[in-house]
Amino acid sequence: MEEAKQAPLARYTTIKIGGEAERLCHPEKVDELVDLVDELIKKEEDWYVIGGGSNLLISSAGVKGTVIRTTKLIAITTPEPGILEAEAGARLPHLARHAAQLGLSGLEFAVGIPGTVGGAVIMNAGAHGSQISAILETARVLDSKTGQVTVMTNDEIAFQYRRCALDPARHVVLSARFKMPADIPEEIEKRTKHNEDYRYKTQPMGWPNAGSTFKNPLPDKAAGFLLDKAGVKNLKEGQAAVSDIHANFVINLGGATSHEVTSLLRRMQECVREAFQLDLVPEWKTMGSFTDEELSVWRGKNESSA
Ligand SMILES: Cc1cc2nc3c(=O)[nH]c(=O)nc-3n(C[C@H](O)[C@H](O)[C@H](O)COP(=O)(O)OP(=O)(O)OC[C@H]3O[C@@H](n4cnc5c(N)ncnc54)[C@H](O)[C@@H]3O)c2cc1C
């Protein structure tokens, strides 16, 4: 297994922010990942799992303990017609293209989401009216509290809007099994292309970012719309800025720090609170050392239900 000490993490996040991990490991087999987590638990050392780093704000002050990156666990198999199984580190766009080639529908929404299967399960990633929970049948999950690997059903994972019952501080998604209806490959390709084109038109493709910053506070109130109306486009804190293409996207202009980002998020929340009396809660997860004040940005009053 490849591993490094004092490894800078910014290169492993899509927003290109993140200090050093004390130790960074890249397991090449699922069993290696399970053994590593077992060993770290026995030694009572801190550990974290990252996939594509596309929904994460990692502290510029770094991460104490071991960061385990899943991106070498990429096997995809078709055990039965209509079923795809993928390891945790398989990339969603790759999985979506693979499914389309097999004439399997249901992942057209995922072609522009730069995350992994594990991250998509934790976040219940979705777009264009669909989400991972719509096709996930089961997931193999390591529960670090019991040391057991179990197969959890869709119901047990209890998906909700951009979250589920699994806690990344406790559970590690090892692989997932998807049940997908057959469709004509040309039709799947048409929907995929439509979704891809829409992204190119509406998202800041040229700048490092971590996707949508805030969850929609209500089913009929998109965070991007509220932020836009509240006038946050082009707000800046140091090298972190709100995109002028999409008000719910924060971009790194070059060398932004996690502190600059949390300050910017607070200002965005304040603008929406003032304009609409609504509290926005970030969609992103955090990792590493943050102050209480920085973390208060994640303690919005409204838990999202959109
Ligand atoms: C340009 C862009 C567009 C995006 N568009 C969308 C979109 O349309 N819809 C959407 O829902 N999201 C979108 N995202 C956000 C993001 O891509 C998704 O949330 C994705 O599912 C995150 O996966 P990841 O592997 O990058 O997770 P990471 O960012 O690496 O991690 C996210 C969380 O999951 C945990 N985690 C990761 N892997 C595992 C695992 N195997 N086991 C346990 N915990 C794990 C991490 O610890 C962390 O808490 C977008 C992001 C970008 C940059």
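Visitor: Which residue ranges does the domain assignment of the protein give?
Guide: The model shown here is predicted. The domain assignment divides the protein into domain 1 (2-69), domain 2 (76-187) and domain 3 (205-298).

Visitor: How many residues does the contact take from domain 1 and from domain 2?
Guide: The C-alpha centres of domain 1 and domain 2 lie 22 Å apart. Contact is counted for heavy atoms within 4.5 Å. On that basis, domain 2 contributes 16 residues and domain 1 contributes 14 residues.

Visitor: Which residues of domain 1 lose the most area to domain 2?
Guide: Between them, domain 1 and domain 2 bury about 1100 Å², with 69% of it on carbon and sulfur atoms. On the side of domain 1, three residues together account for 37% of what is buried, and these are V30, V34 and W47.

Visitor: How many residue pairs are in polar contact across the interface of domain 1 and domain 2?
Guide: Salt bridges between domain 1 and domain 2 number zero. For polar contacts, both residues must be at pLDDT 80 or more, and the rule finds one residue pair.

Visitor: Which element gives the most to the side of domain 1 that touches domain 2?
Guide: By class, this side of domain 1 has seven nonpolar, five polar and two charged residues. At least two residues each come from β3 (47-50) and α1 (30-42). With six residues, the element that gives the most is α1.

Terms used:
Residues numbered from 1 in each chain as written. Predicted model: local features only at pLDDT ≥ 70, side-chain atom pairs only at ≥ 80, totals over all residues. Heavy atoms only, no water. Domains from an automatic or database assignment. Buried area = accessible area lost by both parts, 1.4 Å probe. Salt bridge = Lys/Arg side-chain N within 4 Å of Asp/Glu carboxyl O. Polar contact = N/O pair within 3.5 Å; in protein donor to acceptor, adjacent residues only side chain to side chain. Helix = DSSP H or I, 4+ residues; strand = E, 2+ residues; numbered from the N terminus. Nonpolar A, V, L, I, M, F, W, Y, C, P; charged D, E, K, R; others polar.
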